[in-house]
Amino acid sequence: MKPKKIKLLTVASLIVITVVMSVLSMNLSLRPEESEKEKRKLASFPRFSVSAFFSGEYFNEISLWFSDTIPFREQIIDVNNGVQTILGTNAPQRGFQENTKNEIPDTAEQPPATLPTITEASQQPGSPSETSELQTEAVIPSDAGEMPSHVETIDSILIAGNAGYEYYNFSEKVANNYAAAVNTVSSRLAGKATVYDMIVPTSMDIVLDTRVREKVSSDDQRKAISYIENLLLPEVRRVSIFDTLIAHRSEYIYFRTDHHWSGLGAYYAYAQYCGVKGVQPYGLESCAVQSFDGFLGTFADKDPSLASDPDVVYTFSPPGDYKITIRDKKLNVDEGSVFYDESNASASLKYGTFIWGDNAYSVIEDKAKATGESCLLVKESFGNALAPLLAANYKYLYIIDYRHYSGSICSLVEEKKITDVVFCNNISMTRSQSLIDQLIARM
Amino acid sequence: MVFSSLLFLLLFLPLNLICYYIPKKIKTRNVVLLIFSLFFYAWGEPIYVLILVSMSYACWYFAFRIESASKGSRKKWMILAVLVCLGTLGVFKYTVFFIQNLNLISFINIPAPQIQLPIGISFYTFQLLTYVADVYRREVPAQRKFCNVLLYAGLYHQCIAGPIVRYGDVEKEINSRKTDIDALYDGFVRFCIGLAKKSVLANSCGALVDMLLLSDSALNNAAQLSQNIDLLQGRSALSLWMGMALYMLQIYLDFSAYSDMAIGLGLMFGFHFKENFQYPYTSDSITEFWRRWHISLGAFFRDYVYIPLGGNRKGKIRTILNLFTVWFLTGLWHGASWNYILWGLYFFVFLLLEKLFLINTVKRNKTVHRLYVIIVVFFGWVFFRFSQLDLMNAVLKGMFCANGNSMLTYESVHLALRYIPFFIICCIACTPFAKKINVILSDFTRNNPRTQIYSQALQIAIPCLLLIISVISLTGDTYNPFLYFQF
């Protein structure tokens, strides 16, 4: 072929490819609205406003909509992952976890008792909790036997064998702010309600093979939790579950393909809570068990090889007649069983069975009880697995997800005559200033 | 709008090509190109497009007056044009920086205004300045039509990220240009190469850099300074070296990719822009590096600042002073912050050393002087990356474990091993290796006619593959930075 012909063919091929892609991209009916992989609603076409038009925001949103909702998006992303793996260009999208310098102090130098703007608290912080004192630190038994064959870091996730583990790095300033936020709520509710604080470690420090764990530069979660608990006011009841979970580390207390704990992990935390509150927990054998298999959580998105061995979501429901009423962030109200039936849901959504996922405000009522105490659970998604268990010891369990709720914790406690307030957060939350800001905004 | 966006690739560019090639008359084609260019600019800057139009109008008018004025008033019009151009640039780009520095004086406390920098203002201001200056020097005639000056300054191919095209280089092509299959082929292929370089290599480098050395938004968040320092001080030395090496690759791949795309787009529409990068990381000296890096900017400062100041014709001291001025301004042009000035002056020191002493010494050994260039440029990028002195300090100290940080960690070693092949690909992309392979293959096929069919198939397939891979890479990729907002 003559060089001119080659050039003509090349240009023609490029034009054909571009035109085909253009025509497809303009077919609105092919544009997806949700991404199952990313578990989010995709960008929608923006509404016109004069201010958005002149600021350029309107055009930016159109660009975002155009690329975010491109037809065959999920399939193209799959191909992209494959291409990038071949080329070795699959760069992580966020969060490289490495810290060779952080030291977690035993106590803060000058810990704030409450948030700086609120000064009504007169108590001195730093008293160790009754549970911390009573408990002896459990020694994590060294693992023996075969080491996980496949170990790698993807984003802020460590993959070891067939499971993922989330890194944690301590931030003293943010940890102080978290403790101050809990202390402030406790101070405001003095004489009205008892505040409990439960910090859930990630699976990294609980179930990961100790020989792998010692190589990884993720901060010591036990020490970090202990640091935060030492900052809490004496009247805040600490529910220290770290050693409890260590004692059950060989059991199925964390998912392998997801960053959350399992229903069983939450059960042990519930039993620990009952011990601190001084009530009898329901035995595991008395709970009704349901299961949803084929669960693939957030780690499976990072490492598709985990998809070959999916998790099973087990739910434990203590005796009672529970009904949940939920109100989502758009104020839609719905009610039904505490566990949403996820049998036919997609693999990534099965953790959503617990209290129907992350809703702004929910109430679980035990209809079997004529009267009883009320409790408020202030949580992010880790609290979802705890809620159905916690509901067993109350007539009403109110649940707020402070990331979506728009009311005030203290007003709700007063309005509903709530006697116990339980903060249940995973440890990653205590290093995220933006989440703590959201919590503070709800006080 | 940016070139490496799906909206541009799948909607804007095809539409522009169709609308451009339907009419046959150059005047109509120019109108089409101008409308598309203004739309391209206004897409992200609906108000600031007025600045582009106003400055172009002012320069069109000044050039016109310069040409028709008597000898005495020519200079006045020229000074006025420079004042208007640099004044506008100064107001938008340097006011906040100026006030911040003024506020360092204890008794001054002027509230800093919120001024958003119009995208590409440094590029089109310099282009317009070259136009007026060239008319003043009688190197080119003044353009009669304002629309043509606006088209020259606002042509979307180079308006927001360069190269800085001189009016003289495109003067004739504005009114008379031809596009044949050779130019179209070269344009399409060059564009695809640039697009793949940006979307596949530079973006991946950028994601890794942000991960290792913090993202721009995190670095620019003053409230997060102590947290950022803690984070960088905690990084292992390997992570910091890796982060900076990847940043060095990212900034070249990204910037040269934009120039590739601009040159490619130009060719598609009949314009011939000069090269802006010539494999600068393979230079033998810093002097050569700057002849190969952002060539159009270097040439601007040489021809419109250094030489008018006297260049090297007025003695050693004056030469040093002229060089200092040029490199101070080069730094300042890259951003309104002291770290850019420091970066410019850092190169001034090495250029001066080379001029005065080192040039003959370093040229004796090719490996040594290439290594010298890489090391000098590498540390230069540390100044370029971090506008806060504390962060710069944390990184520089951390590279030598002086923060109490470790040399290696499990994670950094793992990351390094994982990205070695990618790192090598990026390094190769910074060299003329692919070009040389192409030449060798062409020679080979010429001597072996039987292999010609494979070579021709590759010639067609490679640009198509690059385009497809680029579009795939841009789908669902939330990481697609535009690095030139501060320019």
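This is a predicted model: local features need pLDDT of at least 70, side-chain atom pairs count only at pLDDT 80 or more; totals for chains, interfaces and linings use all residues.
The criterion is a side-chain nitrogen of Lys or Arg within 4 Å of a carboxyl oxygen of Asp or Glu. In general, side chains of opposite charge can pair when their charged atoms come close.

Let me set out the conventions. Residues are numbered from 1 along each chain as its sequence is written, and chains are lettered from A and ligands numbered from 1 in the order in which they are written. Local features need pLDDT of at least 70, side-chain atom pairs count only at pLDDT 80 or more, totals for chains, interfaces and linings use all residues, and side-chain values use heavy atoms, with hydrogens and water left out.

Returning to the salt bridges, consider the pair A:Asp420 and A:Lys277, whose side chains meet at 2.6 Å, N to O. A:Asp420 belongs to strand β15 (residues 420–426) of chain A and A:Lys277 to helix α10 (residues 263–277) of chain A, so this bridge ties together parts that are 143 residues apart in sequence. Helices (H or I, at least four residues) and strands (E, at least two) are DSSP runs, numbered from the N terminus. Are these two partners buried or exposed? A:Asp420 is buried, with a relative accessible area of 3%, and A:Lys277 is buried with 18%. Buried here means under 20% relative accessible area, exposed over 50%, and partly exposed in between, with a 1.4 Å probe and protein chains only.

A further bridge joins the side chains of A:Arg213 and A:Asp205, again with 2.6 Å from N to O; A:Arg213 and A:Asp205 are both buried. A:Asp366 forms a salt bridge with A:Lys369, where the closest N and O atoms are 2.7 Å apart. A:Asp366 is buried, its relative accessible area being 3%. Shared partners also link A:Asp358, A:Lys379, A:Asp401 and A:Arg403 into one salt-bridge network.

I turn to chain A as a whole. Its secondary structure comes to 14 helices and 15 strands. Of its 443 residues, 54% are buried. Among its contacts with a separation of 6 or more, 74% involve residues 24 or more positions apart, a contact being heavy atoms within 4.5 Å. The domain assignment divides out domain 1 (16–87) and domain 2 (130–441); such bounds come from an automatic or database domain assignment. The C-alpha centres of domain 1 and domain 2 of chain A lie 35 Å apart.

Two residues of chain A deserve attention for their backbone. A:Phe72 has a positive phi of about 60 degrees although it is not a glycine. A:Phe72 sits in the loop between α3 (57–68) and α4 (73–87) of chain A, and is partly exposed, with a relative accessible area of 40%. The other is A:Trp356, not a glycine either, with a positive phi near 65 degrees. A:Trp356 lies in the loop between β11 (333–336) and β12 (361–366) of chain A; A:Trp356 is buried, at 18% relative accessible area.

Next, the nonpolar cores. A nonpolar core is a set of buried Ala, Val, Leu, Ile, Met, Phe, Trp, Tyr and Cys residues joined through side-chain atoms within 4.5 Å. Which residues touch the most other members of the largest core? They are B:Phe8, B:Phe347 and B:Trp381, in a core of 178 residues. Helix α11 of chain B gives the most to this core, with 18 residues. A second, separate core of 94 residues includes A:Leu189, A:Tyr351, A:Leu377 and A:Ala385. Leaving aside residues up to four places away in sequence, B:Phe8 touches residues including B:Met1, B:Phe40, B:Tyr156, B:Phe191 and B:Leu265.

Among the buried residues of α14(B) are B:Leu323, B:Val326, B:Trp327 and B:Trp333. In helix α10 (residues 225–234) of chain B, the buried residues include B:Ile229 and B:Leu232. The buried residues of α10(B) pack against α8 (181–213), α9, α11 and α17 (389–399) of chain B.

Finally, confidence. Chain B averages a pLDDT of 90, and 96% of its residues score at least 70; pLDDT is the predictor's confidence in each residue, from 0 to 100. For the complex, the predictor gives an ipTM of 0.85 and a pTM of 0.75.
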